[in-house]
Amino acid sequence: MAAANVLELAGLDISFGHGDYTFNAVRSLSLEVKRGETVAIVGESGSGKSVSALSIMRLVEFGGGRIEGGRIRFRRRDGREIDLASLDPEEARRIRGNEIAMIFQEPMTSLNPVFTIGDQIVEAIVTHQKKSRREAAKIALDMLQRVRIPDAAQVMKRHPHQLSGGMRQRVMIAMALSCKPQLLIADEPTTALDVTIQAQILRLIRELQQEQSMSVVFITHDMGVVAEVADRVVVMYRGEKVEEGDVETVFRSPSHPYTKALLKAVPHLGAMRGTSAPAPFPVPGKSDEAPAAPAAPAAPIAYDSEPLLSVRGLTTRFDIGEGLFGRITKRVHAVEGLNLDIWPGETLGLVGESGCGKSTTGRSILRLVEAEATKLRFDGEDLTRLSKSDLQKLRRRIQFVFQDPYASLNPRLTVGYSISEPMLLHGLEDRRNAFDKAVWLLEQVGLQADHANRYPHAFSGGQRQRIAIARALGTDPKLIIADEAVSALDVSVQAQVINLLMDLQARFGLAYLFISHDMAVVERISHRVAVMYLGQVVETGPRASVFEDPRHPYTRRLMSAAPVPDPQKRITDRPLITGEVPSPVHPIGNPPAINEMLEVGPRHFVAREENGGRPAHRAA
Amino acid sequence: MLHYFLRRLAALVPVLFLISIFVFLFIHALPGDPARLLAGEAATQEEVESVRKALKLDRPLLTQYVDFLKNLATGDLGTSLRTGEPVSAMIARAFMPTFWLSVCALAWSLLFGLVAGVISAVRRGSPGDHAGMFLSVSGISMPNFWLGLLLMQFFSVNLGWVGTSGFDEPSDLILPSITLGAGVAAVMARFTRSAVIDVAREDFIRTARAKGLREKVVIWKHALRNALIPVVTMAGLQFGFLLGGSIVVEKVFRWPGLGSLLLDAINFRDYAVVQAEIMLFSLQFLLINLAVDMLYGFINPAIRYK
């Protein structure tokens, strides 16, 4: 083992299952990690990257996996070398959390909900160090301060559910680093976080890494994050390493076709500079399930005509009750006085971070949550009163595609039935015709007719999202609300689904309300963009002008926080924000002020005042 | 938290009111005439009527119900139609034997169920797990009067270790509480097992292991505490049933408790006793449910009520 190395994997084989059902998740993986170095393992779901990480921790066996062969050589704190792969489980436990620590993707569920933050960190410390609980509490407090948690002493006493996702991930990092490990394994640590929070967490990991001269194995599917953090990159594909190299080489001249395809599929913020219409992703030749991209862009949007959907003063509030009789004292102003226009055949991208009200906006339009609006026009009709038949019409002509393709299809119904159900519900077709149409729709979204008789579990995430899209198309909608519809998909699949959406838009003249947190994806697909913050739109306009000339400070912050998949554009001096985002909760009788919008360019509007009580922003 | 508790407590009043209506109507809808039963088979119709009058059962149902409610509100449970004794005294006498029986049964079955459930969950799929779950199915399916008789035959008659029936000394509790708790222990074991298996899949269990905690701590501290919510729910329901539902076991062991009292009262159409007991069972059930709900908040701070 080379002296500079902390970790060396050699010929690692990991499998799951037994006999005929054996699945080789990782095949002869070799890699090395030097002291203080960050190695990114990149790949899509199922590539074996997380399994490799879990096997370094010797956690893989708790999930039913086995290390079949190979070595995991690790240099301990005292300089001795050991082979983790063949280590006795009790010995491995002593190293776990002590000399090798790990943080996970899901900060919301990775902390035990029933114990306080302080207890959980203290537990990690007293397990591995000869410290009293009081000494351990001191260390825990110090760690919480080092991960920039404001008011750390208070946070020690809180329970996980009282903290936001970003704060919880900081707590996880504090816990992982509390025993000063030689090696930190970070498994998609920022995937579930907002971009601005992600930027802070990445910076934090980098700073702590330098302070403790620690090595980091960073597992991610996000090439933007790789470019931001990695010294070296290992690309995995179907359980095998297909490429390895320093980060600049891999990005500049990838050698393996898979790496090339992966890099091509990555949405690139700024890639659309100088164009105004959306454009499909360049998908390389072997697109087995993607239909051909539309040859010609759809007809230009007629912005002087009447919008397809026009909403004014859309407001959704959730009451918070307190006291003996549940008197309402506060409200969450999830959506406040929102105005929205969508023209036929257009894609409006609605972006913002979690909690900004973008998903609630989509649900409010179809009254999936209690909401009100001062004006609602759809397809030339005034539906403000929203009678039962109005709502029925609205729900037929506007359809939803949700984020989670696994949860949004009923596992006990065939795909064909799921697709025909909305048609039956709205009385559009009889059973036989509905099924025929379902088959036809499956073909339209790039699947096959005989898939109609199968159940959802037989399909991958991307295929399921195609099925959800087919279901949405069944009632001949004019508008589809896509709520984070591609966020849960791997990049290459994401690119295919976005291309499919564009293709369908061109063929059926659909309009989309595309709700997303991902600026680069929104840039790709949108004609116009609306940026949402604290329940209101702070900036809206044609995509080209908003992305090329963002006027609102919040829009700028979102754009600068998005990781750039180019290691040469790495930003290292980003300010580290420690606080929590302002909250949309207001006491009763004190609603937030409605933003006044100024026109700063053709159809480009910016909020005069930043909401949340910040100083006035002057548009240039 | 206190507010929530008081609100829930206040909400019990209308529920109890509804229950009182149902109880009253049900019992009067039962076939059988207490006046006839009391007057005896040989009594003439006139004698029966005079008994009815003496018991104030000749008045309209509504009047009787209002009386019942009035008395209930002042804490007066009425007098037994059969013995003329105040119902409250009869219940007070029968309450403690049943209480002890239920508590003993619940205590051992909870402890056993929890431990067996966790061990089964940890050794999922092992022969031990299969054996445990086989026992558990047996426990659920075995009628408790049969188990009671078997135990009695073996330990009291053959070995003579404990008495066969009645409640005279603490050791008399052993057989009836084993009999009563067997089904509960089996249910708790199954419930705990599946709750622990569910929790073991959670991300925070992986975190606990990633910290390097000993497997014992991971399971008995991190997993079990989270698995307790469904387990406590089930335990509360079972306890409610135990308090009210030990009729069969009490009969088998001739236990001087509420179950025996209720059975006799129903046989004699002793309206006042039946009504009072069912109201008591309902109140117990509601209070236990409330206690369980409050317990959730202590187990899992994320569901602490306002």
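Guide: A residue is buried if 20 or more other C-beta atoms lie within 10 Å of its own, exposed if 12 or fewer, and partly exposed in between, with C-beta atoms placed from the backbone. Helices (H or I, at least four residues) and strands (E, at least two) are DSSP runs, numbered from the N terminus. This is a predicted model, where local features need pLDDT of at least 70, side-chain atom pairs count only at pLDDT 80 or more, and totals for chains, interfaces and linings use all residues. Residues are numbered from 1 along each chain as its sequence is written, with chains lettered from A and ligands numbered from 1 in written order.

The part to look at is helix α11 of chain A, residues 358-365. It is mostly covered, with 7 of its 8 residues buried. After α11(A) comes Arg367(A), with a positive phi near 55°.

Now the chain around that helix. Chain A has 620 residues, and 50% of them count as buried. Its secondary structure comes to 19 helices and 23 strands. Along the principal axes, the C-alpha atoms of chain A fill a box of roughly 75 × 55 × 50 Å. Two residues are in contact if their C-beta atoms, placed from the backbone, lie within 7 Å. Take the contacts in chain A with a separation of 6 or more: 70% of these join residues 24 or more positions apart.

Next, the domains, whose bounds come from an automatic or database assignment. Chain A is split into domain 1 (5-265) and domain 2 (309-607). Their C-alpha centres are 33 Å apart. At the boundary, 24 residues of domain 1 of chain A are in contact with 24 residues of domain 2 of chain A. On the domain 1 side, two or more residues each come from α7 (195-212), α8 (223-229), α9 (247-252) and α10 (257-265) of chain A. Residues 9-263 of chain A are 38% helix and 26% strand. The end C-alpha atoms of that stretch are 26 Å apart.

Then the interior. A nonpolar core is a set of buried Ala, Val, Leu, Ile, Met, Phe, Trp, Tyr and Cys residues joined through C-beta atoms within 7 Å. The largest such core holds 228 residues. The members touching the most others are Ile185(A), Val217(A), Val226(A), Val531(A) and Met188(B). Helix α8 of chain B, residues 174-200, supplies the largest share of this core, 14 residues. Domain 1 (5-265) and domain 2 (309-607) of chain A both give residues to the core, so it lies between them.

Setting aside neighbours within four places in sequence, Ile185(A) is in contact with Ala53(A), Ile56(A) and Met57(A), among others. Ile100(A), Met102(A) and Val217(A) are also in contact with Ile185(A).

Last, the partner chain. Here 27 residues of chain A are in contact with 23 residues of chain B. On the chain A side, α2 (89-95) and α3 (117-128) are the elements that give two or more residues. The largest share, 4 residues, comes from α3(A).
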